[in-house]
Amino acid sequence: MDFSDTPEEAAFRREAREWLQANVPSKDELEGLDEVQRAKLWQMRKYEAGWACIRWPREYGGRGASAMEQVIWNQEESSVRVPQGVFAIGQGMAAPTMMAWATEEQKLRYLPPLASGEHIWCQLFSEPAGGSDLAALRTRAEKDGDEWVINGQKIWTSGAQFSNYAILVVRTDPEVPKHKGLTYFFIDMKSPGIEIKPIRQISGESNFNEVYFTDVRIPDEQRLGAVGQGWQVAITTLMNERLAIGSGGGLGFRQVFELAQRIEIDGRPAIEDRSVRARLADWYVQESGLRFTGYRAMSALSRGEMPGPENSIGKLVGASKSQDMASFAIDLLEMSGIVTDPELAWRSGMVHDTFMGAPGLRIAGGTDEIMLNILAERVLGMPQDVRVDKGIPFSQVPTSAS
Amino acid sequence: MNFEFSEEQNLLREQAAGFLQDQCPPSAVRAILEGAASFDTELFRGIAEMGWTAAAIPEKHGGLGLSYLELCVIAEELGRVVAPVPFSSSVYLATEALLLAGNDAQREAWLPKLASGAAIGTFALAEGTGQPSPNRLETAYENGCLNGTKVPVADGDIADFAVAVARCGRGDGASLYLVPLDADTVTRTTVATLDPTRSHARIDFDNARAESLGAAGEGWGLTRRILDRAAVLFAWEQVGGANAALEQAKEYAMGRYAFGRPIAGFQAIKHKLANIYVKNTLARSNCYYGAWALSTDASELPLAAATARVSAIQAYYFASKENIQTHGGMGFTWEFDCQFHYRRAKLLSVNIGSERTWQDRLISAIEAGQAA
Ligand SMILES: Cc1cc2nc3c(=O)[nH]c(=O)nc-3n(C[C@H](O)[C@H](O)[C@H](O)COP(=O)(O)OP(=O)(O)OC[C@H]3O[C@@H](n4cnc5c(N)ncnc54)[C@H](O)[C@@H]3O)c2cc1C
């Protein structure tokens, strides 16, 4: 065990840090660009210099870096202010699924534009009748020659409005038990028959959407895995989702700690208050526990292991931690804690963004309850919940509607 | 970077687990809980023969000169079986105090005996209720002698010597003293505690001969350093105990039927155990960092130790109480072993300072890092 860099790692870190310092986009460069444009600018810059998706093989747009180099890169990139987001699903979930299930030709064609940020991908999994119970999804695919014809509806699709491609799970056979009748595809989001309608979230933003399919056609080559094997392919995506989502981001320990140093309680800095110190210590312990659990997971990956169900911890702990820290920070700000006006609010309201975003984090990518189920069943080996739909054809399973 | 124990260390873990499975079954813990003996002498002799008491002591003092990572591995296994032995007092505290502050003669006098298990040492800090601090200490040293009362002192009734923290008018307000406990100027009385599998005593010093350990007026700083180091090792014991409690809860839940199926199938039980797993995993990961900081004497040690300690306290307490809950009425009986972890978890959560104390130290360590 050694938490310090080897000479090679130190050299890699220096190289990464120097490159980052010289290449972080300036305020002027980002001026006037929206979130997607900013993220794309940064992604392309990394790609051109060989710093995009560094663990991927070179032929797919990466630099063939080791797991430890990935850890170092993440540490360094997270210590500078750069545009975030929009690529997590494509790079973190779609790409590993493509690497495991697509043909070589497809990988060479679709992965480099994911690395460069030219293409954004979204995830068409959840449906009105298939959220936690994803395998209960109903969107139908029927074979027509060399093509499949898709009809149905997806919901909660983050980023569908600006995505080029998507990963998609559909039902190809309703007459077999639910997990057996699914098939997995990737799809061009510009395909005729796709209609995207934004959904407004409690935060007021509209990051996710309803996506409707009316006779949308997908070539059979875009199927990943065999017909009926969709659930197994989806598991590859979901395992990587847990790694990709990680602990969520947003408000971190450092920011709340600094706030507690600045704010006063009874004329003294809040940080001197024992109860404040105790709460902060608890979050620090969680944050560092997650960080080192993540490092240990990277050690496992570097031995060639698949990301396992134990990675559910990151999001499970991280989402509630963000929520509670944001709530606590608002309390620390006392009566002004409710003011979200960016001119007046502490850190232009980032604590409120976290407060209003955290409930979604606890639901997205598997709810807290589902994560606990996964840990209990797959890690601890406890029995599955009693299921009334087990072994019966999907078409005969009771639903909310019936 | 490398976030794993080495193959040799994992081998040591297997060997330790095997030895303890044989030599420290629950019946051995129960014998100490229910009997008059202060500790399991047979087990402690075996542990010394395995070389565990010698692990971190340099070879020139009769030790094995292994790294602290090996000691962490051993600590986890001892914690798992709730071992009723004075290992922590002697190894994590007394040995560390000598290594940190002892002069050549003191090291020569005691380290070989500590290594072989021929001598048991302990660390005497508490003086009754409340958080110890230099200005509250009443134990004092004058003309080569120590006067005062220390209570509770882990293994104080069986140890051959203690490292005692006493008031000092200079420096940081405290000094450490090495005091043999067999003199008739020392009175030792066993005190009843929450965890009778680890004995504790009241020690009265009445002009007891003692010698300084380290410089006068540096005792508080040394105490903190000793506790930082010990905190990592105790945290590993706690993580071992917490995981054993989780396994015990799971095993029971899988075998106990209610409403026609194993209670392990009910979500309330599944989620309870998954939550234990989450806390245990975070604590264990924090302990990895602590182990590394301890083994390299890294400047991050105070923060790493406090982090490991706080999360291990929380994990073990949570696992131990929810383990009883999972057992229902059975868990509340004297005959069932759930109480071992519940008692030990609470002992370990206050023995070198409570959760609140270590939360405070954690934040202080971050503040100190910021100032640096
Ligand atoms: C911000 C956000 C972004 C998202 N982005 C995407 C996306 O890009 N693509 C995509 O496909 N999906 C996305 N989702 C959907 C997400 O995966 C689902 O919302 C989630 O899986 C829960 O499904 P549901 O909303 O149908 O809730 P339900 O499944 O109806 O759950 C309702 C409640 O019941 C509980 N529950 C359900 N089943 C069980 C059980 N077996 N045991 C115990 N409790 C249970 C849940 O925990 C929850 O508390 C996103 C969601 C959010 C909030």
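Which two strands of chain B form a hairpin, and how many residues sit between them? They are β4(B) and β5(B), with six residues between them. Look at the turn. G171(B) is there, and its phi is positive, about 50°.

A word on confidence before we go on. This is a predicted model. The scores are ipTM 0.95 and pTM 0.96. Chain B averages a pLDDT of 97, and 100% of its residues score at least 70.

β4(B) covers residues 161-167, and β5(B) covers residues 174-180. The two run antiparallel, joined by seven bridges.

β4(B) has another partner. That is β1 of chain B, residues 121-124. Here the pairing is parallel, over four bridges. Click on G121(B) and you will find F161(B) of β4(B) opposite. So how covered is β4(B), with six of its residues in what state, buried or exposed? Buried: six of the seven residues in β4(B), so the strand is mostly covered by the under 20% cut-off.

Now step back along chain B to A118(B). This residue lies in the loop between α6, residues 104-116, and β1. Buried or exposed? A118(B) has 60% relative accessibility, so it counts as exposed. Leaving out residues up to four places away in sequence, A118(B) touches K113(B) and D160(B).

Over to chain A, and two loop residues. Start with T139(A). Find the loop between β1 (121-124) and β2 (140-144) of chain A; T139(A) is in there. T139(A) has a relative accessible area of 2%, so it is buried. What does the T139(A) side chain make a polar contact with? The side chain of E127(A), at 2.8 Å. Setting aside residues up to four places away in sequence, T139(A) touches a list of neighbours. Among them are I150(A), N151(A), G152(A), V170(A) and R171(A).

Next, S191(A). This one is in the loop between β5 (182-188) and β6 (194-199) of chain A. S191(A) is at 11% relative accessibility, and it counts as buried because the cut-off is under 20%. Its side chain reaches the backbone oxygen of D188(A) at 2.5 Å. Beyond four places in sequence, S191(A) touches V216(A) and R217(A).

Last stop, the domains of chain A. The assignment gives domain 1 as 9-23 + 33-119, domain 2 as 122-228 and domain 3 as 248-379. Take domain 1 and domain 2 of chain A. Their centres, over C-alpha atoms, are separated by 26 Å. Each supplies 13 residues to the contact. How much area do these two domains bury between them? About 1100 Å², with 73% of it on carbon and sulfur atoms. On the domain 1 side, look at I89(A), Y110(A) and H119(A). Together they supply 36% of the area that domain 1 buries against domain 2, more than any other three residues.

Notes:
Residues numbered from 1 in each chain as written. Chains lettered and ligands numbered in written order. Predicted model: local features only at pLDDT ≥ 70, side-chain atom pairs only at ≥ 80, totals over all residues. Heavy atoms only, no water. Buried < 20%, exposed > 50% of the residue type's maximum accessible area, 1.4 Å probe, protein only. Polar contact = N/O pair within 3.5 Å; in protein donor to acceptor, adjacent residues only side chain to side chain. Contact = heavy atoms within 4.5 Å. Pairing = 2+ DSSP bridges. pLDDT = per-residue confidence, 0-100. Domains from an automatic or database assignment. Buried area = accessible area lost by both parts, 1.4 Å probe.
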